[in-house]
Amino acid sequence: GPKATGETCHIIIDHEGEFPYWEGQSWGVIPPGNREKDGKPHSVRLYSIASSRYGDDMTGKTGSLCVRRATYWCDELKADDPAKKGVCSNFLCDSTPGTEVVMTGPAGKVMLMPEEDPTTDYIMVATGTGIAPYRGFVRRLFVEDTPAASAYKGEAWLFLGVANSDALLYDDEFQEAKSKYPDNFRIDYALSREQENKSGGKMYIQDK
Ligand SMILES: Cc1cc2nc3c(=O)[nH]c(=O)nc-3n(C[C@H](O)[C@H](O)[C@H](O)COP(=O)(O)OP(=O)(O)OC[C@H]3O[C@@H](n4cnc5c(N)ncnc54)[C@H](O)[C@@H]3O)c2cc1C
């Protein structure tokens, strides 16, 4: 929404089925070009994958990223300083259909879903783009028509912290999942600039 703090982009990568991953893993992205300081190629940046293993289109050939554009506010200029903007997040947020993206991975085992037991409860806590892996989880548990989704009988509780309601991410999808599975899916938002905690301060995720 218009009052969101910063710009966050949902980016769908077409990996043509050659880059399979599991929910909770990350991809690396190597932005094009060279570093100013030494002329060497830019280094890899990690991004949590925001879709399930099937991708948003259920083909198994795409994966999504949730990327916040890194800007640099300059107090002297009283404006963003374009010379200091984040290299990779701006490359991704400026990408258009057909942009080639050099990637590494997938990587990461610590955030894989504990699917052996379909009664496992989940407590998911995120701020901002930290929601990315949990969007993949929610799609896997409550959105997709798969054996894994039908088998799930646990309770999943999502906590998301952002500045205000305009900065919420994927809220429409989460509300739809909640309306379909009111007994299994619970959502709590901490809106630091709109809500107050018990002691009258800003409502952060740890105050929920
Ligand atoms: C496991 C993991 C998962 C992640 N998942 C996500 C995700 O899902 N979504 C997401 O958005 N990010 C994610 N990140 C963060 C991501 O990897 C990048 O760090 C982020 O996008 C910034 O990279 P960048 O290339 O845009 O910025 P960089 O170019 O690396 O710059 C970093 C910061 O320094 C500032 N800067 C640049 N030059 C100067 C200067 N001269 N003086 C002062 N400041 C300067 C930039 O404005 C920027 O804020 C994840 C990181 C990890 C480790």
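These notebook entries record what I looked up in the structure shown above.

**Entry 1. Ground rules**

I noted that this is a predicted model, in which local features need pLDDT of at least 70 and side-chain atom pairs count only at pLDDT 80 or more, while totals for chains, interfaces and linings use all residues. Residues are numbered from 1 along each chain as its sequence is written, and side-chain values use heavy atoms, with hydrogens and water left out.

**Entry 2. The overall fold**

I began with the secondary structure. Helices (H or I, at least four residues) and strands (E, at least two) are DSSP runs, numbered from the N terminus. I read their order from the N terminus as β-β-β-β-β-β-α-β-β-α-α-β-α-β. The radius of gyration is 18 Å, close to the 17 Å that the globule rule gives for 208 residues, so the protein is as compact as a globular protein of that length. That radius is taken over C-alpha atoms, and the rule is 2.2 Å times the number of residues to the power 0.38. The C-alpha trace spans about 55 × 50 × 25 Å along its principal axes.

**Entry 3. Burial, contacts and surface**

I next looked up burial (buried is under 20% relative accessible area, exposed over 50%, partly exposed in between, with a 1.4 Å probe and protein chains only). Of the 208 residues, 40% are buried. For contacts (heavy atoms within 4.5 Å), I considered those with a separation of 6 or more, and 67% of them are between residues 24 or more positions apart. The protein exposes about 11900 Å², of which carbon and sulfur atoms supply 51%. These areas come from the Shrake-Rupley method with a 1.4 Å probe, and for residues only the protein chains shown count as cover.

I also checked the charges. Lys and Arg count as positive and Asp and Glu as negative, without His and the chain ends; each charge is placed at NZ of Lys, CZ of Arg, CG of Asp or CD of Glu. The mean positions of the 24 positive and 32 negative charges lie 5 Å apart.

**Entry 4. Helix α2**

How many residues of α2 are buried? I found 11 of the 12, so α2 is largely enclosed by the rest of the structure. Among them are Tyr 134, Phe 137 and Leu 141, and also Arg 135, Arg 139 and Arg 140.

Thr 146 is buried at a relative accessible area of 6%. Beyond four places in sequence, Thr 146 touches Tyr 54, Met 58 and Arg 140.

The buried residues are Cys 88, Ser 89, Asn 90, Phe 91, Leu 92 and Cys 93. Their cover includes β1, β2, β3 (45-48) and β4 (62-68).

Pro 32, in the loop between β2 and β3, is in contact with His 42 and Phe 91, leaving aside neighbours within four places in sequence. I also looked up Pro 32 against Pro 182: the two are 150 residues apart in sequence and 45 Å apart in space, C-alpha to C-alpha.

Is Gln 25 buried or exposed? Gln 25 is buried, with a relative accessible area of 10%, and lies in the loop between β1 (8-14) and β2 (26-30). Not counting residues up to four places away, Gln 25 touches Ser 48, Ile 49, Pro 106, Ala 107, Gly 108 and Leu 112. Pro 106 belongs to strand β7 (residues 102-107). A cis peptide bond joins Gly 105 and Pro 106, with omega about 0°.

**Entry 5. Positive phi**

For Glu 16, phi is near 55°; Glu 16 lies in the loop between β1 and β2 and is exposed, at 56% relative accessible area. For Met 58, phi is about 60°. Met 58 sits in the loop between β3 and β4 and counts as partly exposed, at 38% relative accessibility.
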